[in-house]
Amino acid sequence: MTLLLTCLLCLTVAMLLLWGMLAPGRIYQLPFLVGVMAGSFLLPQLPGLMDDRFLPRGAYDRMVAFTILCLVAAWLGWISTRKPVAFLRGNFGERRLLIISAALSVIGAYFYFKLSRLPGDMVVGVQMSGVPVIYLFVARLMTYGLAIGALCLARRTSLFALSIVVFDLVFYLDRIVVTGKRAETVELFAIFAVAFWFHRGWLAPRTIILAGVLVGTFLMNSMGDYRAITRENSSPIWQDISQIDVTANFRATLKEGGLEVRNAILRIDHAADSLEFDYGKFHWNRLVFNYVPSQIVGEAAKRSLMLRTPAMARDYNALTGTTETGMADAFQSFWYFGALKFFLIAYLLARLWASAKEGQAAGQIVYMLSVVPAMHVVSHQTDWVIMAWVHMVLFLVPSLALAAVPARRDPGAHPDPFASRRLVHS
């Protein structure tokens, strides 16, 4: 049964990848990206755990079966709707958007700079707290500025938009190089790929994308070594980085299994045995953890806002810096029905994609900023995209509201390139 379930999971991942390769534009859609994350992050960790005698009996099979269910649920959620998000329809002045983009970029870049001045052991490969968290929270504004600037540049080449994008890239690339952040790297690609796909029809060759996935899978298991070097030196030391044995790290993962999948196996097994579930309280607690500052309200007040959830197993002790996967928190919330989390996230992302296809500037911006947190539902937690949306509501939505202009129904009289097609062509 173990081998059969593992083969079925590999087949499910292969079908998601094949689905994405069969039509232009699908490589930017969530099912393909979920397949990419599952294939590059999960599958290499499985061989070493298939016959691990230290795992509870049947725990591996349960985790793999639930993962298959979650991946299928994500695909079903995506194909179940093509309805745009109505409230994202709107018209924006290009110059207003660029001014907003520049302002967000400057504010975010300042805090990225402040973050880069902190010692590496405070910000690289660790669970950040205190001042670094505040800096990173506000620095996210620069990503919003970059997304708006890239969208304006894709729609119409201008020196103003190009200047904003180049300015942001200096800080963004510095963070990627110093911290070795995979999520930021993929997000940077997503911002430009989605913007130029919708406005210029540019599509990255699918064969190159697939080759990149394979290379990324091979390199992913060496990111811990990369971050250890940058954490110790507060910057990359290329001589040391060149000595990382990438092949040995990949072989070790295949042979010994990965810590993240092991965490998921143990979490799911404990929930299945105890039949104690949090019924979604996990998401409220994560919201409190991320958005209630203990520096202001106090640690005790912050803890009092959190809801009681089932305790971890006594012998469970996840290594700091490892994840537990979204399958673990989904199962912990609703048993096998937790796969509905994957369905719902994919459903909402499909509606954002439909909004982007409709020509909504807001829909395009929100989608390009949501798809990377959403694909991390496989490798990290199902709350990533929810936290991203809350941050957007606090900062991105008010910014876009400042750039809004009245709608005009005469397409010949509307000089604004960011008018919603629904309004212009109704």
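Helices (H or I, at least four residues) and strands (E, at least two) are taken as DSSP runs and numbered from the N terminus. The model is predicted, so local features require pLDDT of at least 70 and side-chain atom pairs pLDDT 80 or more, whereas totals for chains, interfaces and linings use all residues. Residues are numbered from 1 along each chain as its sequence is written, and side-chain values use heavy atoms, without hydrogens and water.

T325 lies in the loop between α16 (299-305) and α17 (326-334). Its phi is near 75°, a positive value in a residue other than glycine. T325 is buried, with a relative accessible area of 1%; buried denotes under 20% relative accessible area, exposed over 50%, and partly exposed in between (1.4 Å probe, protein chains only). W335 also is not a glycine and has a positive phi, about 60°. W335 sits in the loop between α17 and α18. At 36% relative accessibility, W335 is partly exposed. Most residues other than glycine have a negative phi.

Helix α8 covers residues 182-200. Its 19 residues should span 27 Å at 1.5 Å a residue, and the end C-alpha atoms are 27 Å apart, which agrees. The expected span is 1.5 Å times one less than the number of residues.

In helix α12 (residues 246-256), N249, F250 and T253 are buried. They cover an arc of only 100° around the axis, which puts them on the same side of α12. The arc is that of the directions from the helix axis to the C-beta atoms. R251, K255 and E256 are exposed on the other side of α12. An α-helix has 3.6 residues a turn, so residues three or four places apart point the same way.

Aromatic contacts were examined next. The structure holds 18 aromatic pairs. Rings of Phe, Tyr and Trp (its six-membered ring) pair if their centres lie within 6.5 Å; planes under 30 degrees apart count as stacked, over 60 as edge-to-face and the rest as tilted. The W78 and W353 rings have centres 6.3 Å apart and planes at 50°, so this pair is tilted. The pair links distant parts of the chain, 275 residues apart: W78 is in helix α3 (residues 59-79) and W353 in helix α18. Both W78 and W353 are buried. For F331 and Y336, the ring centres are 5.1 Å apart and the planes lie at 80°, so the pair is edge-to-face. F331 is buried at 0% relative accessible area, whereas Y336 is partly exposed at 28%. F331 and Y336 form one aromatic cluster with F66, W335 and F337.

The second largest pocket holds about 460 Å³ of space. On a 1 Å grid over the protein atoms alone, a pocket is an open set of points where a 1.4 Å probe fits, with protein on both sides within 12 Å along at least five of seven lines; lining residues have an atom within 4 Å of a point. Grid points are joined across faces, edges and corners, and the volume is the space filled by probe spheres set on the points. The lining comprises 18 residues, of which V85, F87, L88, V366 and V397 lie nearest the centre. Elements giving two or more residues to this lining are α18 (339-358), α19 (361-375) and α20 (384-402). The largest share, seven residues, comes from α20.
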